[in-house]
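User: Hi! Could you walk me through this one?
Analyst: Happy to; here it is.
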Amino acid sequence: MIETEIAIVGAGPAGLAAACESAQVGSKVIVFDENNHPGGQLVKQIHKFFGSKEHLAGVRGIDIGKKLYKRALSLGVEVRLGTVVWGYFENQLAVVFNNQVEVVSAKKIIVATGALENTLSFPGWTLPGIMGAGGAQTLMNLYRILPGKKVLMVGAGNVGLIIAYQLLQAGAEVIAVVEAAPKIGGYKVHADKILRNGVPILTGHTVKEALGKERVEKVIIAQVRSDFSIIPETEREIDADTICLAVGLTPLTELLWLMECEMRYESDLGGFIPVRNKNMETSISGIYIAGDVAGIEEASIAMEEGRIAGIAAAESLGHIISDKARMIKNRAEESLLQLRLNPSFAPRMTEKNKTNNGIIKNSQIEILNRNGSIPIIECNECIPCNPCETVCLFGCIQVGTTITNLPLLNLDKCTGCGQCVLACPGLAIFLLDRNYSKDEAAITLPYEFLPLPKKGEKVIALDRNGSKVCEGEVLNVILTKKGDRTALVKIAIPKEHADKVRSIKTTRLDSGKEGEN
Amino acid sequence: MDNSKNEQGKLVCRCEEVTEEEVRQAIKDGAKTLREIKMITRAGMGLCQGRSCSKIISLILAEETGISIDKIEPAGYRPPLRPIAISALAKAKKKIGKKLKYKFSSAYNE
Amino acid sequence: MKNTAEIVVIGAGIIGSTITYYLAKEGLDVVLVEQAGFCAGSSGATHCQIGMHNRFPGWGLDLSIKSIEILKDLSNQYDFEYDETGSLLMIDNPSKLEWIEKRREIQFSSGIKSYYLTRKDLDREEPYLSQNIISAVFYPQSVRINSMRLCHALISDARKIGADINLHTNVNDIIVKNRKIQKVKTSNGDIYTHNVINAAGAWATKISNLVGLNIPLNINKGNVIITEKIPKLGIKYKGEIILKDKKGNPIWASNEISELEKEYSVRFVFSQTVHGNCLIGRSGEFSENLYDRDTSYLSIRAILSRAIKFMPILEDVKFIRTFAGLRPYSIDEKPILGPSQTVNGFIVATGHGDKGIGWMSSGKLLVDHLCGRKTFMSIEPFLFDRIENNI
Amino acid sequence: MRITIHPILGLLKERKKITIEIDGQKIEALEGEPIAAALWNAGIRDFRYTRKRKEPRGFFCGIGLCTDCKMIVNGIPNIRTCVTLVEKGMKIQRQRD
């Protein structure tokens with residue numbers, strides 16, 4: 001029998017955050033996770049997260065996971081990996097580790113089991129090579145195996161868009177992202193990252209059928225009506241060796257059903273979720289939840305929920321006085337409020353502003369044409385995110401206390417240092433020098449692919465949809481520690497293309513594809 | 001291209017190879033819950049215990065019967081939540097795949 | 001749902017389904033009401049076998065033989081995985097030999113066939129059995145079915161010929177006037193009827209309370225464990241027998257029985273479905289709570305620790321699901337069939353204990369009796385009066 | 001195919017190479033990786049064939065939930081290869097139910 005004060009199921013962002021918070025005030029905590037690695041899904045999130053400084057914005061998910069795990073260990077939390085929680089019998093958890101079953105007796109249980117990917121069924125969907133997008137992400141970012149060479153992504157939500165980008169980073173070709181809905185579901189900045197690298201996003205399309213013998217070889221896609229029925233004679237056959245399904249997530253609530261927690265259905269949150277109070281405590285006293293199991297949201301939200309659950313559990317054990325606990329919970333709740341500000345409620349940009357790419361005070365329009373580089377912010381959705389403001393030493397970018405505000409540029413003091421380009425998790429800020437030379441403009445782009453271009457190299461300059469605009473010459477490549485593996489690539493292009501060019505393609509053989517067989 | 005398998009109907013339950021058609025037929029035969037569909041068709045009875053198909057089947061059930069999706073509960077979770085080797089519970093330490101006296105392989109070759 | 005009926009059947013387990021099926025075939029206007037889904041109680045938590053190795057001459061055997069006959073006949077029409085598996089009674093202790101030989105003789109006299117398998121035979125036929133099994137007796141007449149598919153087939157067919165089937169419908173009350181049933185109040189509306197068949201299994205006591213009667217039942221909770229699909233492991237149905245003394249207390253002659261196994265009255269039962277999943281049993285605990293159908297950690301552990309002593313290969317087999325059923329035993333362990341003498345139109349069909357499938361023919365017996373037809377055996381021993389009079 | 005160099009994850013760390021066997025064919029695996037990853041790297045996509053339709057199946061969910069990647073490992077069927085780590089000399093067979 002394993003005894004502890006708090007047992008946490010799941011060592012992802014929610015579980016580890018809960019563990020840290022409760023261990024910090026002196027609770028004895030054991031975290032169980034069936035995976036062999038800590039951090040849950042964070043281990044494969046190689047992109048920078050949104051949010052503000054407190055949410056570790058601008059830090060890559062994978063590093064947030066490592067930080068959380070280290071912190072948990074330093075606080076005396078015991079993390080048992082490879083340990084499956086498989087049952088709940090008379091208030092005790094049954095676990096199995098290394099083919100040996102044990103029983104866990106805990107005063108409080110925090111369930112942070114995360115989510116499960118949804119699937120989409122179409123004829124041929126069982127062929128090898130068709131997999132969950134999360135599965136593909138695990139293969140490439142955790143196990144470092146390329147899922148396939150020609151990949152079709154199904155679903156243009158954030159998961160589909162991010163993983164499509166990561167497939168490109170890993171060296172795969174992403175043929176297209178198909179999305180049955182009439183518009184892209186994920187953030188525009190995520191969509192832009194793949195669009196400008198030549199991946200089309202086909203909205204109003206679906207997969208009709210996958211074909212192949214021992215693995216998927218071809219896929220037939222077709223246009224759909226608003227009721228998702230296929231429009232005849234719009235079918236197209238495409239060669240593909242991999243199809244990734246990114247069609248949403250469902251909270252992994254199986255343990256909570258076993259515990260007989262009261263559940264309710266919330267379609268926006270992914271399905272059945274446990275009823276909970278402000279302390280993240282379920283209908284069963286002493287059982288708490290946090291993270292995706294409580295409803296599908298972002299990892300940063302999972303961590304805040306984990307904090308609340310962790311501190312509430314510690315409070316009920318008497319490890320922290322309620323005044324102090326309330327303070328911590330309030331802070332987490334405020335943070336949650338900010339993170340949950342729905343982009344669709346925030347003011348949209350006007351068409352005019354859009355062409356200027358970033359909100360700029362009217363009086364400063366003329367500065368756009370001054371000499372030297374100025375930032376172009378192509379962030380026109382109200383994302384809860386503000387690293388561009390935080391990173392600017394000169395206070396040129398303002399987001400304000402409501403972090404979903406669009407960034408406001410004040411160019412008076414801007415030196416064109418490019419820190420905002422590196423800090424933007426959405427890779428949506430560029431530097432543009434319209435008067436680099438008599439005929440040329442210079443644009444500085446955030447770049448996260450291999451091989452890195454070299455100074456003096458000729459590259460192909462691409463527009464926002466990944467189409468070739470012109471040739472460009474690399475003026476400079478900067479890879480700094482602060483940029484955290486995001487490089488700054490500055491290229492010179494003909495002046496008339498200054499507002500078009502937003503990406504580049506190297507013409508050299510791709511060294512990232514070494515070992516190809 | 002080989003699509004003869006596809007012509008046998010679109011699968012919804014991967015483990016038990018149950019088609020959408022079979023699920024719809026079960027509903028026409030009176031099934032109103034995921035459990036009943038499972039009992040009739042075996043959809044959700046496989047090794048994964050319905051984790052891949054229950055959402056798809058819920059949607060079909062809602063579509064066929066008009067039952068609101070928030071009223072369609074999972075077919076019921078039961079321990080163990082993952083496949084567990086019997087020895088893990090019944091016996092002291094023993095590692096999977098080690099020193100087997102009785103081999104399955106022979107049974108597979110039959 | 002219809003609001004009138006000649007007869008209302010409560011319960012869609014194996015007994016209720018069989019009764020509904022035969023009533024509908026008789027052309028009666030029948031309404032079935034079931035609180036959960038079909039086959040959701042004990043009928044769905046069973047090994048689904050009819051084992052000849054634990055039958056003895058008498059009414060129990062007669063019911064079983066008729067059940068097999070009915071099932072075989074039905075299997076020509078419906079696919080409910082009817083499988084003539086035979087069954088293997090394993091002998092793990094020489095002290096059982098003499099007793100089993102006596103048993104075989106008695107069984108043989110009433111038509112139960114069996115033959116011995118020596119250790120050498122077992123090596124050939126049953127390569128996965130423990131070497132501790134000294135010999136075994138094979139009973140070729142035993143069969144196994146899929147009770148869920150059977151219930152579904154019976155109910156679907158009954159519906160086709162006019163029965164009104166109402167699953168997920170609670171019986172809230174039964175109105176009796178002048179000792180005669182008037183109507184059944186359900187969560188989906190009232191049904192005016194003068195006849196009710198209470199086939200609610202473990203819940204039959206609760207239903208009878210609605211008309212002011214009591215059916216004393218002993219509820220025995222039994223756990224079943226289901227494994228992943230694996231290749232066929234010899235004869236698909238096998239088990240052990242625990243000797244009992246004259247008072248009915250078990251004599252633990254078995255090899256290496258642990259305290260835990262004794263505590264949960266574990267007896268090894270193994271069956272493998274046509275799909276390859278194995279069902280492993282069994283335990284028994286007396287239970288008062290009709291809402292507690294959770295499996296307990298210790299009972300699963302007890303069943304599994306017993307199982308691997310007989311079939312060591314099971315150690316490496318993974319179990320994927322466990323569940324419990326509530327077996328309703330009458331006080332004399334005989335089914336209770338037939339009309340009440342105090343409430344006109346109230347008819348009982350419960351008390352089948354762990355043999356609901358094996359005694360499914362009792363449903364036909366009851367229907368034939370009610371319709372005044374010649375019955376395949378006497379219903380006398382099962383009549384409700386014997387218990388009703390004792391209250 | 002292994003991603004030996006990655007813009008974010010950098011160079012693939014040196015890990016001990018071991019050999020495992022799939023239906024008699026020897027393939028290379030890295031210590032600490034699941035069986036499914038090693039097979040995928042070796043270009044093997046069909047992990048098993050189903051009972052009814054005899055269809056090929058492979059890697060699907062990657063987290064041990066869908067159980068589609070099950071194979072016979074060291075003689076034991078139904079092993080979820082996406083969550084079972086390779087071991088030296090492991091013998092793996094495609095499962096044909």
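User: What follows α9(C)?
Analyst: Gly372(C) comes after α9(C), and its phi is positive, near 75°. Helices here are DSSP runs of H or I with at least four residues, strands are E runs of at least two, and both are numbered from the N terminus. This is a predicted model, where local features need pLDDT of at least 70, side-chain atom pairs count only at pLDDT 80 or more, and totals for chains, interfaces and linings use all residues. Residues are numbered from 1 along each chain as its sequence is written, while chains are lettered from A and ligands numbered from 1 in the order in which they are written.
User: Is helix α9 of chain C mostly covered or mostly open?
Analyst: Mostly covered: nine of the 10 residues in α9(C), 361–370, are buried (20 or more other C-beta atoms, placed from the backbone, within 10 Å of their own). Among them are Leu365(C), Leu366(C) and His369(C).
User: And what do they pack against?
Analyst: The buried residues of α9(C) pack against α1, α2, β21 and β22 of chain C, with contact meaning backbone-placed C-beta atoms within 7 Å.
User: Switching topic: how many residues does each of chains B and C put into their contact?
Analyst: Chain C gives 34 residues and chain B gives 28. On chain C, α5, α8 and β20 each supply at least two residues of that side.
User: Which strand of chain B pairs with β20(C)?
Analyst: Strand β3 of chain B, residues 84–85, pairs antiparallel with β20(C) over two bridges; pairing takes at least two DSSP bridges. Ala85(B) has Lys318(C) as its bridge partner.

Notes:
Two residues are in contact if their C-beta atoms, placed from the backbone, lie within 7 Å. A residue is buried if 20 or more other C-beta atoms lie within 10 Å of its own, exposed if 12 or fewer, and partly exposed in between; C-beta atoms are placed from the backbone.
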